[in-house]
Structure formats: structure tokens, C-alpha cells
Amino acid sequence: QRRINPGVLNLMLSVAMLALLIAAFLPLININYPWLRIVYCIGAVAAVVVRLLQRLEYRRNPDTPLRVRRLQHIEFWSALAYLASAYFMVDDPYHPGNWLGFLLAGAALQLFTSFMIPYAEKKESEKKNSLNDRK
């Protein structure tokens, strides 16, 4: 089985999030170009693809703790919120409350998991180390 380099996935996700940020911020300060919606949609689709590939990588590793896998699911749902946001941005760009709500929901989930995944991994490694020390 061919494995995907996590560094490449993280780089792709960073580019996708940067595209989302730029394409979402510029219309809020009244810089409206039609191609910004396309950039936003590409960023949202790229975020979903990267999250799917990351989930496949975590599933291949049987040592991934259950809590981390659950947090990965939340990250995937945040990417789906970005995709819903892209739909509303294209469908009704003149009412930013619709797409902005999904964008903020996805960002909140992303922020939560960005803190909780390292915490859960650290806690799991401490748990394994304490079990090894007892032996």
C-alpha cells in the first residue's frame, strides 16, 4: 500500500485554508471579483479532499487512539461546513449571513480540534508511558 506523505497533506490543507481566508475576507471589505467565489469553492473542495485522505491515513494506523479518530471526524465535518459555505456563497453571494455562518461554524470546529488532537495524543502517550513504567 502506498502511503501519502503527511507533510504534503498539511501543505495542501494550508493552501486550501489560505484560499478560503482570502476569498472570504476580500468580499467583506467590499472587494468583489467574480473569480473569488471560484477560489473559495476550490479551497473548500481541496479541504474536503485533504480531510478524506487524512482519515484514510489514520485508519491505516491501528495505534491511533479512539479519541483522536473521533476528533478527525470532527475535522472532516468542519471541511463539509466549508463546502456548504461555498454552496451558499455561489447560490446567494449578496447575503453573506448564509455562507458566513457555515464558514464560522467550520472554523470553530477546526480551532477546537487543532487544540484537542495534540492534547489527546499527548495524554495517550503519557498513559502508555505510565503503563510501561509500571511493568
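How many helices and strands does the secondary structure of the chain come to? In this predicted model, the count is four helices and zero strands, with helices (H or I, at least four residues) and strands (E, at least two) taken as DSSP runs numbered from the N terminus. The order of elements from the N terminus is α-α-α-α. Residues are numbered from 1 along each chain as its sequence is written, and side-chain values use heavy atoms, with hydrogens and water left out. Since the model is predicted, local features need pLDDT of at least 70 and side-chain atom pairs count only at pLDDT 80 or more, whereas totals for chains, interfaces and linings use all residues.

Taken along the principal axes, the box filled by the C-alpha atoms is roughly 65 × 30 × 20 Å. The accessible surface of the chain is about 9000 Å², and carbon and sulfur atoms account for 65% of that area; accessible areas come from the Shrake-Rupley method with a 1.4 Å probe, and for residues only the protein chains shown count as cover. Of the 135 residues in the chain, 30% are buried. Here buried means under 20% relative accessible area, exposed means over 50%, and partly exposed lies in between (1.4 Å probe, protein chains only). Contact is defined as heavy atoms within 4.5 Å. Among contacts between residues at least 6 apart in sequence, 73% join residues at least 24 apart.

The charged side chains comprise 16 positive and 9 negative, and the centres of the two sets lie 5 Å apart. Lys and Arg count as positive and Asp and Glu as negative, while His and the chain ends are not counted; the place of a charge is NZ of Lys, CZ of Arg, CG of Asp or CD of Glu. The count of salt bridges comes to one, under the rule that a side-chain nitrogen of Lys or Arg lies within 4 Å of a carboxyl oxygen of Asp or Glu. This salt bridge joins the side chains of arginine 51 and glutamate 75 at 3.0 Å, N to O. Arginine 51 belongs to helix α2 and glutamate 75 to helix α3, so the pair ties together parts that are 24 residues apart in sequence. Both arginine 51 and glutamate 75 are buried.

Glutamate 75 is also among the contacts of threonine 113. Threonine 113 is placed in helix α4 (residues 96-134) and counts as buried because its relative accessibility is 0%. With neighbours within four places in sequence left aside, threonine 113 is in contact with Leu71, Ile74, Glu75 and Pro118. Leucine 80 and threonine 113 are separated by 33 residues in sequence and by 15 Å between C-alpha atoms. Leucine 80 is part of helix α3 (residues 66-91) and has a relative accessible area of 26%, so this residue is classed as partly exposed.

Leucine 20 is in helix α1. Why does leucine 20 count as buried? The reason is its relative accessible area of 2%. When residues up to four places away in sequence are not counted, leucine 20 touches Tyr40, Gly43, Ala44 and Tyr82. Between leucine 20 and histidine 95 there are 75 residues of sequence separation and 18 Å in space, C-alpha to C-alpha.

A nonpolar surface patch of about 810 Å² is formed by Phe25, Leu28, Ile29, Ile31, Tyr33, Trp35, Ile38 and Ile42. Patches consist of residues with over 30% relative accessible area and no salt bridge; like charges are joined within 9 Å and nonpolar side chains (Val, Leu, Ile, Met, Phe, Trp, Tyr) within 5 Å. At least two residues of the nonpolar patch come from each of α1 (6-28) and α2 (34-60), and α2 gives the most, with three residues. Leucine 28, one of the patch residues, is in helix α1 and is partly exposed because its relative accessibility is 44%. Isoleucine 42, another member of the patch, lies in helix α2; its relative accessibility is 55%, so isoleucine 42 counts as exposed.

Asparagine 30 is located in the loop between α1 and α2. This residue is exposed because its relative accessibility is 68%. Phi of asparagine 30 is near 65°, a positive value in a residue other than glycine. Most residues other than glycine have a negative phi.
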